[in-house]
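Dear colleague,

Please find below the structure that I am handing over to you. My notes on it come after the sequence and coordinates.

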2 protein chains.
Amino acid sequence: MVLRLGHRPQRDKRVTTHVALVARAFGADGIILTTKDAGVERSVNKVTELWGGPFFIRSGEPWQVVREWKKNEGEVIHLTVYGVPVQDKINDIKKSRRNKLIVVGAGKVPREIFDLSDCNISVTQQPHSEVAALAIFLHMLFDGKELNKAFSNGRLKVVPQEKGKVIVRTG
Amino acid sequence: MVLRLGHRPQRDKRVTTHVALVARAFGADGIILTTKDAGVERSVNKVTELWGGPFFIRSGEPWQVVREWKKNEGEVIHLTVYGVPVQDKINDIKKSRRNKLIVVGAGKVPREIFDLSDCNISVTQQPHSEVAALAIFLHMLFDGKELNKAFSNGRLKVVPQEKGKVIVRTG
């Protein structure tokens with residue numbers, strides 16, 4: 001599961017939508033936004049309805065989400081440019097079979113998140129994008145198998161083409 | 001090099017900035033926007049100045065960029081959900097030693113781009129994010145080596161930490 005921290009509806013709508021769609025496409029089971037945003041929820045639910053699931057999006061209070069996750073579910077992995085390089089940690093992370101909450105910040109992340117997380121992981125030591133960091137992390141976690149992930153109960157499907165666009169209706 | 005097609009300054013400023021920063025962080029040498037955007041150029045140049053290069057950002061007319069690339073430089077690879085799965089093509093793409101122009105669209109991409117491109121490549125067959133598609137493509141193209149890429153003449157550097165944030169001034 002992915003936790004999107006500090007979403008600011010005015011500023012972050014499109015980037016948060018990209019984060020959520022990447023979470024879905026790269027194999028996470030759902031995303032929690034720490035600020036409710038009906039517009040983002042609608043866009044993401046529309047994609048799940050058309051292209052398949054399962055995938056959920058909801059909002060929740062961050063400290064409660066993190067504490068309950070640690071107590072009941074598993075480990076917390078915070079993606080941040082300040083953390084340990086993903087390539088040095090990914091094998092350990094894969095070995096642990098605990099459920100994973102991946103925390104992705106927008107703007108400044110409170111210090112407590114660094115402390116509460118089981119690990120702080122960086123995807124390069126350069127400033128770029130939480131959308132890319134999440135995609136690369138999930139890609140490495142799932143060994144590229146997510147690229148072939150099948151979705152259930154969707155109504156549309158792309159049929160890959162050398163040139164041109166083919167979408168078929170499947171339901 | 002990356003070509004960002006159809007950038008709309010009102011709507012795409014932040015997502016295009018993410019695309020450009022991913023291009024830089026994941027090893028591309030520069031990006032061309034098909035619509036001039038001084039704000040995005042400023043943000044990206046500021047990152048290159050602080051965190052190192054080389055990396056360029058400029059604007060250019062898309063058809064001219066694509067045609068000149070094909071004539072003088074190498075091949076054109078268009079990232080699109082409609083294309084052939086990246087995992088089926090990446091080995092062929094790696095084998096070709098020609099310089100690569102990676103085309104990333106915003107909004108609807110004209111049909112001619114599908115035809116002019118040497119290949120149309122999809123990163124999953126699901127709708128998600130051009131930021132993620134570019135990151136995954138470059139990550140697969142460079143075999144993960146881009147995660148260790150060094151930058152020159154930057155003034156800041158992150159020192160990875162298990163907890164907390166350390167940035168050092170290097171110039």
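The notes below go through the interface, the salt bridges and one surface patch.

Please bear in mind throughout that this is a predicted model.

**The interface between the two chains**

The size of an interface is often given as the accessible area lost when the parts come together. Here, chain A and chain B bury about 4,800 Å² between them, and carbon and sulfur atoms account for 61% of that area. The contact draws on 55 residues from chain A and 55 residues from chain B.

Polar groups also take part. Across the interface of chain A and chain B there are 20 residue pairs in polar contact, both residues of each pair being at pLDDT 80 or more. On the side of chain A that touches chain B, the elements that give two or more residues are α1 (9–25), α2 (38–51), β4 (74–85), α4 (86–95), α5 (111–116) and α6 (130–141) of chain A. Of these, α1(A) gives the most, with nine residues.

On the chain B side, one residue that may interest you is H18(B), which is placed in helix α1 (residues 9–25) of that chain. Its relative accessibility is 8%, and H18(B) therefore counts as buried, the limit being under 20%. Apart from neighbours within four places in sequence, H18(B) is in contact with V15(A), H128(A), S129(A), E130(A), V131(A) and V131(B).

**Salt bridges between the chains**

Side chains of opposite charge can pair when their charged atoms come close. The structure holds 24 salt bridges over all chains, and four salt bridges are found across the interface of chain A and chain B.

One of the salt bridges joins the side chains of D12(A) and R14(B), with an N to O distance of 2.9 Å. These two residues also belong to a network of salt bridges that links R8(A), D12(A) and R14(B).

Another salt bridge brings together the side chains of E162(A) and K89(B), at 3.8 Å from N to O. This pair crosses between chains: E162(A) is in the loop between β7 (156–158) and β8 (167–169) of chain A, while K89(B) is in helix α4 (residues 86–95) of chain B. With 46% relative accessibility, E162(A) counts as partly exposed.

**Salt bridges within chain B**

K100(B) forms a salt bridge with E75(B), and their closest N and O atoms are 3.1 Å apart. K100(B) lies in strand β5 (residues 99–105) and E75(B) in strand β4 (residues 74–85) of chain B, so this pair ties together parts that are 25 residues apart in sequence. Both K100(B) and E75(B) are buried.

D115(B) and R111(B) also form a salt bridge, the closest N and O atoms being 3.3 Å apart. Both residues lie in helix α5 (residues 111–116) of chain B, four residues apart, which is about one turn of the helix. D115(B) has 39% relative accessibility and counts as partly exposed; R111(B), at 47%, also counts as partly exposed.

**A nonpolar surface patch**

V159(B), V166(B) and V168(B) make a nonpolar surface patch of about 170 Å². Of these residues, V168(B) is found in strand β8 (residues 167–169) of chain B. The relative accessibility of V168(B) is 32%, so this residue counts as partly exposed.

With kind regards

Note on methods
Residues numbered from 1 in each chain as written. Chains lettered and ligands numbered in written order. Predicted model: local features only at pLDDT ≥ 70, side-chain atom pairs only at ≥ 80, totals over all residues. Heavy atoms only, no water. Patch = residues over 30% accessible without salt bridge, like charges linked within 9 Å, V, L, I, M, F, W, Y side chains within 5 Å. Areas by Shrake-Rupley, 256 points an atom, 1.4 Å probe, with all protein chains shown as cover. Buried < 20%, exposed > 50% of the residue type's maximum accessible area, 1.4 Å probe, protein only. Contact = heavy atoms within 4.5 Å. Buried area = accessible area lost by both parts, 1.4 Å probe. Polar contact = N/O pair within 3.5 Å; in protein donor to acceptor, adjacent residues only side chain to side chain.
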